[in-house]
Amino acid sequence: MPFRYTSAFAGDLEQHWQDIWDERGTYFAANPSGPLTDGSGAHATTPGRSFFVMDMFPYPSGAGLHVGHPLGYIATDVVGRFRRMQGDNVLHALGYDAFGLPAEQYAVQTGQHPRITTEANIVTMRRQLRRLGLGHDPRRTFATTDSDYVRWTQWIFLQIFNSWYDADATRPDGGTGRARPIDELVDAYASGRRALPEDAPARTWDELDDVARRRVVDAQRLAYVSDAPVNWCPGLGTVLANEEVTSDGRSERGNYPVYQRTLRQWKMRITAYADRLAADLDLIDWPEKVRSMQRNWIGRSEGARVVFDVANATELESIEVFTTRPDTLFGATFMVVAPEHPLLDAVPAAWPDGTRSTWTDGHASPVEAVAAYRREAGAKTAVERQADAKAKTGVFTGFLARNPVNDQLIPVFTADYVLMGYGTGAIMAVPGGDERDFAFAEAFGLPVVYTVAPPEGFAGGAHTGDGTTINSSNDEISLDGLDVDTAKSTVIAWLEARGAGTGSITYRLRDWLFSRQRYWGEPFPIVYDENDLPIGLPDALLPVDLPDVPDYSPRTFAPEDANSSPEPPLGRNEEWVHVTLDLGDGPKVYRRDTNTMPNWAGSCWYYLRYLDPSDSAQLVSPELEAFWMGPDHNPTAGAAGGVDLYVGGVEHAVLHLLYARFWHKVLYDLGHVTSVEPFHTLFNQGYIQAYAYADARGQYVPADEVVETTAGDGSTTYRWNGEEVQREYGKMGKSLKNVVTPDDMYDAYGADTFRVYEMSMGPLDVSRPWDTRAVVGSQRFLQRLWRNAVDEVTGALVVSEDEPSLETTRLVHRTIADTTVEMEAMRVNTAIAKLIVLNNHLTSLSTTPRAAVEPLVLMLAPIAPHIAEELWARLGHAESLVHHAYPVADPQHLVEDTVTCVLQVQGKVRGRLEVVPGIGEDDLRAMALADPAVLRALDGRGVRTVIVRAPRLVNVVPA
RNA sequence: GCCCUCGUAGCCCAACUGGCAGAGGCAGCCGGCUUAAACCCGGCACAGUGCGGGUUCGAGCCCCGCCGAGGGCACCA
């Protein structure tokens, strides 16, 4: 049977259509102007119909794809194709996030330059994905490693470097606080409109020399170099951002220990955007889970800053604390500062009167005690600190502070449960209202005062719940009797009036550590002069390409070697590092920055490049950005704008998605984009997982050779070569010997079958196990469809031109109506089920009516585009169906002659009636009450009430 | 410890605003086609929704408490 829809036949026709699509530019998305038109050479002419769909940027791995990887790509392709048939101008393209660690590590093993590895991997991945028949615009692809892409990544970096955050400026959207060009800050300082920061070495701009001025300004930049404690990972040979370190103090990639080291590194002032990053989550259509993860990470806390005077200070005269519970101020019986707190640089020489022996840890003076404790705390790793979290350690500092509400002198301790990096690095301790403070108070014998009335039967310990304030009054103010919220606002007002404190918001988010000591990343477009101050290179010198170096592997160390220091590979090329430039002062020798950017940099803005992939004059044309991403660019875009649909795994919930939002907001502030958010609708697809089988020794055996047997009692055993093996569920991976690749699927079934199977496995957001044996069901569906239209022996069309029966017509229109709803909601699995129903119905007819099979082919086209194109052509159409209208149901065929009405008594089904759909409530009630089955169930009981939901249901409630 | 999501047939999954527990697929069984097998075609069977309460005329769906799975956060004041 030469025309049977076999895998080989499918493969031929699929590649045939892929070639035709390429030749015709079928998937060219038209810009409203510029070089990119649709396949016929036309620009976009229908504003309001642009739809920008996007996948999370793939990393071109050397391991190749397995069947789990394309799930999201198929889903976006289906959506894109469906929208195209709905008349939208769909932009869908795919680029490659090609900088990063794996290529570098592979390079270390093989000695091959990462660029060669990366480019070879991209070629392989392109081939595998092309075979899938994705409707991407091939003109809009690129890799982050391309020199003309790197150029714009560096350009954006310089925009950020050349900006500062003016917390008082008004934005175009009406909010307060925005990035502004750094020159405007310089002008403001120079003109005296803005006072110099308090830590500046002089009062006025004129008194500062050039270097001092630059230091003042550099400290305000959104991208800045600072000496600060950072996450140093010797095993990876680089420093890492907080987001890349797990909660147990290890690197997310590689799982190596991470140490705190004070190093000079680049940071990005993402904290300036903390409030906007949190607040604008309300403007976008994201899964609640991801939004809450971001909110969590940003960690906004409302509270107050309160100043405690130090009674026996030598240098510092006060301690500022942050608290979310200012209402409990009267219960503050001691204070705690972090071991790194500057207050501890000079502590009293002797213990004050009243010092308890348990507070001193046996030391003769506060100086000794604090020095010993600081040493101890500094030596602890994050893991150790974590492990000791329950046991509270600490030592008295010798300081006594004055509680501003009641003038009581309270001891100041240092303890490592207070973190320098959060709030002010100091707390007021309220053991009556905080469990950690209570544990510390117990360990050190400190008094407990309750300021919130505990509930009856209170068992002791800290009372953290709500209640009425007690024990909280002085001569001027009383909080007693107030609820927690009122007490908070009352005491804040009192503190503010006295200058002892102020309402305040604190964030958990820290500035983003942005430099890495690796080779395979974007170099910083920065040089240093003889003062060791950074200078941004002018646009004309971009891009700064990676130099050749003798050895591009990062210098790594023993993973536990905490005292090692990072060594950037770029520093190994002296000729590159020292460069003579004329930056306005005549030719001078400068030193280049030898760090590279983290691989998040390229993915922070790639969506903009899809819009305008070859622009060399500007980042992105403002017209194109507004057209594809601007606020209200289509009916669902909303006021924030952004990519219409963004599909990817949930693993980037905090990292990539937070960084990209931050960059986008900077670009917004600086006027480069009109959208407030980069991604309007986010969808997390589930993962395709797989079974793996291990023998008695724990060795994995090839999963595709395992035989499953079910015993009489229903228990299942798995055997490989006769030997019993254990089944595990999890990832697909080479070492687990359970990998199935798309190439395997293309060979055995063809791309369309593979696509149908992946889409029919279940809802897109649910993870599910791969089952190769089940794929045949999808192939049978396509085979049946093929046979319904084409003779397998002759290849002749076998459809009839006769009018279909009323039953068939109604089913066709019902299917159209249903699949439209399902596809719009991205429920492709249920849409496929409805197509199978229609197809199975057509199979039961002696001949297939054209009027039924044509809509079916069109409805299938987004999911299985190749077979749909082929059938469409065989049905006599010269034009591709890619841009053909999706069928529209005729309402007159959606009505039915009769519907089944369910008769219930007391909620239990007792009978059924066939009724006309328009039947009236009263008629239906009468029919139900006369129904023999209902009467039998009532068994003589009276009727209390009858609930009628015409025409589907009547429920009789007996008395 | 806190928070979120999910538990429906042997398996993957449907079930609208609370209204007949079943759309589709896999596997299974029976029959047809075939010299035979595979493919294919036709048919059949299979759960009362993790457990225990509650609300309701009516609960897979809403509420409360458990159990199990997955995920996030975790000395953040």
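In the predicted model, a polar side-chain atom of Gln904 lies 2.9 Å from a base nitrogen of RNA strand B. This is a polar contact (a pair of N or O atoms within 3.5 Å; within protein, one must be able to donate a hydrogen and the other to accept it, and residues adjacent in sequence count only if both atoms are side-chain atoms). Residues are numbered from 1 along each chain as its sequence is written, and chains are lettered from A and ligands numbered from 1 in the order in which they are written. Because the model is predicted, local features need pLDDT of at least 70 and side-chain atom pairs count only at pLDDT 80 or more, while totals for chains, interfaces and linings use all residues; side-chain values use heavy atoms, with hydrogens and water left out.

RNA strand B is surrounded by 52 residues, the closest being Ser301, Thr324, Arg436, Pro763 and Asn955; a residue is counted here if one of its heavy atoms lies within 4 Å of the strand. Sugar or phosphate accounts for 64% of the atoms of RNA strand B within 4 Å of the protein, and bases for the rest. The side chain of Tyr422 places an N or O atom 3.0 Å from a phosphate oxygen of RNA strand B. For Lys289, a side-chain N or O atom is 3.1 Å from a sugar or linking oxygen of RNA strand B.

Gln904 also has a bridge partner in S33, namely Asn955. Strand S30 (residues 899-905) and strand S33 (residues 953-958) run parallel and are joined by 4 bridges. Strands (E, at least two residues) and helices (H or I, at least four) are DSSP runs, numbered from the N terminus, and two strands pair if DSSP finds at least two bridges between them. The open sheet has 4 strands in the order S31-S30-S33-S32, with mixed pairing. Strand S31 (908-915) and strand S32 (943-949) stand at the edges with a single partner strand each, so one side of each has no neighbour in the sheet. Neighbouring strands of this sheet are turned by 20° against each other on average, direction ignored. Helix H26 (residues 921-930) packs on the sheet and touches S30, S31, S32 and S33; the direction of H26 makes about 130° with that of S32. Axes are lines fitted to C-alpha atoms, for helices over the stretch in contact (heavy atoms within 4.5 Å), and angles run from 0 to 180 degrees between N-to-C directions.

The structure holds 47 salt bridges, each a side-chain nitrogen of Lys or Arg within 4 Å of a carboxyl oxygen of Asp or Glu. One of them joins the side chains of Asp173 and Arg171 (3.0 Å, N to O). Arg171 lies in the loop between strand S3 (163-170) and strand S4 (176-181). Arg171 counts as buried because its relative accessibility is 11%, whereas Asp173, at 38%, is partly exposed; buried means under 20% relative accessible area, exposed over 50%, and partly exposed in between (1.4 Å probe, protein chains only). A polar atom of the Arg171 side chain also lies 3.1 Å from the backbone oxygen of Thr176. Leaving aside neighbours within four places in sequence, Arg171 is in contact with residues including Arg276, Tyr668 and Asp669.

A salt bridge between Asp227 and Arg264 has its closest N and O atoms 3.8 Å apart. This pair links strand S5 (residues 223-233) to strand S7 (residues 259-268), across 37 residues. Asp280, Arg661, Lys665 and Glu677 are linked in a network of salt bridges.
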